[in-house]
Amino acid sequence: MWTEIVELLSEKTIEIFCGRISNAAKRKTLNKKLFVSIIQSVESFRDSSLDCDDFYKLISNSCFLDALKFQFCPISNAQSKVKYTDKVVKYIVKECPKVKAAEARRFLKTLETSYMASLYAIVEENPELSATLQIISTILQHMADRIVENNEYITQYFSSNELLRRRIETDEIIQFHNNCEKEFKKIKFTGIDGAETRSAIDLGKYYIENTFSYYKPLEGPRKIREIENEDEIALKDIFVSVKKIVLVGDAGLGKTTTLNYLYCNFEKIYGVELLKIKVDLKEYAKDIETDKKDMLWCLAKEFEKHVDRTKYEISRIEETIAEYLNQGRCLVIFDALDEISTQAGRNTVRDVIERFCNIYFNSWFVISSREVGYLKNQFDETFLHIRINSFGERQIRKYCLNWVEINGIENDDDQFIIRFNEEVKEANCAELITNPIILVLALIIFGAETSLPRTRVDFYKHCVETFLRSRDNRKKYKLNDRVRTILNKRSVVPTIAYYKYNREESTGINFSFTNESLRTAVFQSIKVKDLSSWVEDVDQYIKYLIERTELIRECDEGLYDFAHKTFYEYFLAVHIVKSYGVASLREQLKSWIGDSGYNELARLIIELVSQIDDAEQYPEVIDLLFDLCEATPINRSSLYRSKDISNALAALSILSDLNSNRYLQPQYLDDYHNYLLRNPSVIALRIDGSHSKRISYDEDVLVRLFEQKYKHGGLNDSIISVLYFLDTPLLNRIKKELHDDIIDRIVGLIVVLRKYSLRRYTKETKETKEILDYFFSEGIDILLKYPAIYYLMINVIFLFDCERDVSLLLTPKFEVNEIHDVVLFSRAVLSLIIQARNDSKNLLLLLLLRGRIPQMIVNRIIHGGVFSFDIQGLDPKEIQDFVEIIFQSLDESVDANAFKDIIKKENLYDPKYDYLYDDVFLNNRKRLQARNKSFKRKS
């Protein structure tokens, strides 16, 4: 038996730690060497308590092999390593009662020593494995650190990965899947005109598949030069490179519906059969945050909830789920992180999910959250972040056709869509209906009124009118006068929403109504004294609300909730606007704007306040939005480094919508547009998860204020930045109205580079030559004074392969300005690097750029970005090596002379510019010292 044990150990060890080597001969050789090493080291354990069938069965299990990974992996905390080994020993003894603990501990130590010795030998003989082993070791250390950082999770890991003697029957898993799919296959809200249509709507038949794009939680404004095609990722491709996905998106874009579709169609999409569990996080937030339940318990409770009369205890269900997770045979969907009521709660749940995903790294995970505020509770970089895209024209048309079919509209399909599109254009709401929930509301309103509103809050308002007042007239639903009185009281449903809000705020858990609590909420609104005489009328109103309006529906047996969170938020916004004082409203909005759970509510409140135009509320709300924008400057630095940016971005987005919808009153128009002129980079931002939606502005106001600013302050960095970020048509308008030669030249420079971005120009043209001639002669002072012009001119020279004397660029007269690195094109820097290898002046220019902008672009080129460019006839590795040699010597040389010696060895030293090498070295040393101080402060 002992020989079989050693053979199995050697086979599994080579499989885990040397990767899946495709060469059979090499694999056989490595396995043989490792076997010889191990057999010699552990021969003394032959005939010990380990030499038994139970131990053989144990080591053949994947759970033990995972434990062995972390046993071999170096762990920085020695005490944690000891504790971990104790756990492994206890695990072995528990599963193999005849094994002695002391022998198990000695065996693990011997095996680890033997493994490390043989590993060094293997790497020496096979250098190509070195990099693979380094990567694997790093990953394993990361995993081990996550597991050993808290004793609770060590215990959880081993208790959940026991060898199972009994497990949940397959029939119950099938029943669980069937019950879940029955629930998820229904489209719960599709815009059907009349909730009395009770037949289930098949999700697979009517669901319009969303597309996705890669999402960087800290992405900055887009650069005009590389208008990259937004990669549209299909649902079938989201798991291609990683098994941990974070799905973000704006309210109403269909995150939950998409996850339901993924759950029901996973096997068909991916060809893999898994145990699938979808968890509504808000249901378990209190269990996790307050009761300290682990995520495995939550999954087990979800399983128990969907299986009829299961005979297993919760611990048995946990064991089965843990086994599936450990084997990589489980899909877990965590829905609606943003709907957990508090920021602290969201952070706690995020941490629990993150640890859980790292423990069971073989399985598949998806977490969804609203995009707004996600920066405050984001997952780490090991999760792939994707954004759910808004609907495009094709998706809108398909949804409209589905809606026509669902509702049995007898008109010609094409005619219906034509009339609908005409009304969308007339109402100026094409951007709004790219959001699926707004599209639904638009179709409902169009079907009832043949016209459309133009703001989100107006959509909700019109839709509510359709639900509460128009529908019973069409469907002949009989209501007595007292019920109609309640129906006509506009505060009833808002009071119901506020009742729900209060309950959730006080308990911290998701609240669903019973008939009794719904009745209580209605009575709070109508305020009658003789409650008993109104009970029958209130109950009839509640019945109407549930059965006819689609606003509230049964979500579980005897429990009711709003049909969609956006309806709940709208009615809650109505109540808050009417009931809160000015000071309370401001404080509440201040905490909600930019919060992923409440930002949509804050937006609706502000739109309602703007419509009502209250003399006290409106100025207070608008001032708050400006205060939030000014509190955290929105520029490249803050976008990459500050989590507080969520509040400023959300406030700016709301101001942009108010301006777009003409809700920004005249006295605030100049303030808003002056803010844009002071912070020009925000003009290029894409907002609210949309690919096309930008910050809105009034062209007339912006041109007027720009002209005033230019005439009073002259040319400056801010003026140039504004021009850089404005759309081309507006640039041409400014050029036409100002009649200013310098502005004409700068606009021409920017437009030429945009044509390059669109691949209209790739070589020097007459237009390019005129621009270069101007800035290299009479405009040379402007070129050297303003960083944006300087970098843009470098782009022109090196993108269009222009022959110009770059020595004129070696004496710039500006200091470091981080904002302007956005205008330097990566392709231009690469061209400069290529030429710098053979020209001393170009090398000096490259060194000057190194000292005056952050290293982001150069890092991209050093770390593989060069391979993405077309550099025919050149070796990318040589280019990377050159950059590393030059910049490493600049950073690490003891003094300027040592640095110059290295430049001389490369035959790129020009004695004429000796003083410049000194300046470059000195400025770089100051930059490094400043960076180190910054790191120390953060530490």
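Strands, like helices, are DSSP runs numbered from the N terminus (E, at least two residues, for a strand; H or I, at least four, for a helix). The model is a predicted one, in which local features need pLDDT of at least 70 and side-chain atom pairs count only at pLDDT 80 or more, while totals for chains, interfaces and linings use all residues. Residues are numbered from 1 along each chain as its sequence is written, and side-chain values use heavy atoms, with hydrogens and water left out.

Strand β2 (residues 244-249) and strand β6 (residues 384-388) run parallel and are joined over four bridges; two strands are taken to pair if DSSP finds at least two bridges between them. Within this pairing, Ile245 has Leu384 of β6 as its bridge partner. Strand β2 also pairs in the parallel sense with strand β5 (residues 364-370), over six bridges, and here Val248 is partnered by Ser369. In general, strands of a sheet pair through backbone hydrogen bonds, either parallel or antiparallel.

These pairings belong to an open sheet of six strands in the order β1-β6-β2-β5-β4-β3, with mixed pairing. Its edges are β1 (212-214) and β3 (275-280), each of which pairs on one side only. From one strand to the next the twist averages 20°; axes are lines fitted to C-alpha atoms, for helices over the stretch in contact, and angles run from 0 to 180 degrees between N-to-C directions.

The loop between β4 (330-335) and α15 (343-359) contains Ala336. Most residues other than glycine have a negative phi. Ala336, however, has a positive phi near 65°, and this residue is buried, with a relative accessible area of 4%. Lys527, in the loop between α22 (515-526) and α23 (535-547), also has a positive phi, near 55°. Lys527 is exposed, at a relative accessible area of 67%.

The residues of α9 that are buried are Glu172, Ile173, Phe176, His177, Cys180, Glu181 and Phe184. Helix α9 (residues 170-184) has 15 residues, which at 1.5 Å a residue should span 21 Å, and its end C-alpha atoms are 21 Å apart, in agreement. The expected span is 1.5 Å times one less than the number of residues.

Another pair of strands, β7 (residues 552-556) and β8 (residues 559-562), is antiparallel and has four bridges. Asp556 has Leu559 of β8 as its bridge partner. Two residues lie between the strands of this hairpin, where Gly558 takes a positive phi near 80°.

Cys463 lies in helix α19 (residues 456-475) and is buried, with a relative accessible area of 0%. Leaving aside residues up to four places away in sequence, Cys463 touches Leu441, Ile444, Ile445 and Phe567; contact means heavy atoms within 4.5 Å. The C-alpha atoms of Cys463 and Leu551 are separated by 9.9 Å, although the two residues are 88 apart along the chain.

Helix α26 (residues 599-612) and helix α29 (residues 645-660) have axes that come within 11 Å and cross at roughly 35°. The contact brings Asn599, Arg603, Ile606 and Ser610 of α26 against Ala650, Ser653, Ile654, Asp657 and Leu658 of α29. By class, this contact has four nonpolar, three polar and two charged residues.

For the protein as a whole, the secondary structure comes to 43 helices and eight strands. Of its 939 residues, 56% count as buried. Among contacts with a separation of 6 or more, 73% are between residues 24 or more positions apart.

Note on methods:
Nonpolar A, V, L, I, M, F, W, Y, C, P; charged D, E, K, R; others polar. Buried < 20%, exposed > 50% of the residue type's maximum accessible area, 1.4 Å probe, protein only.
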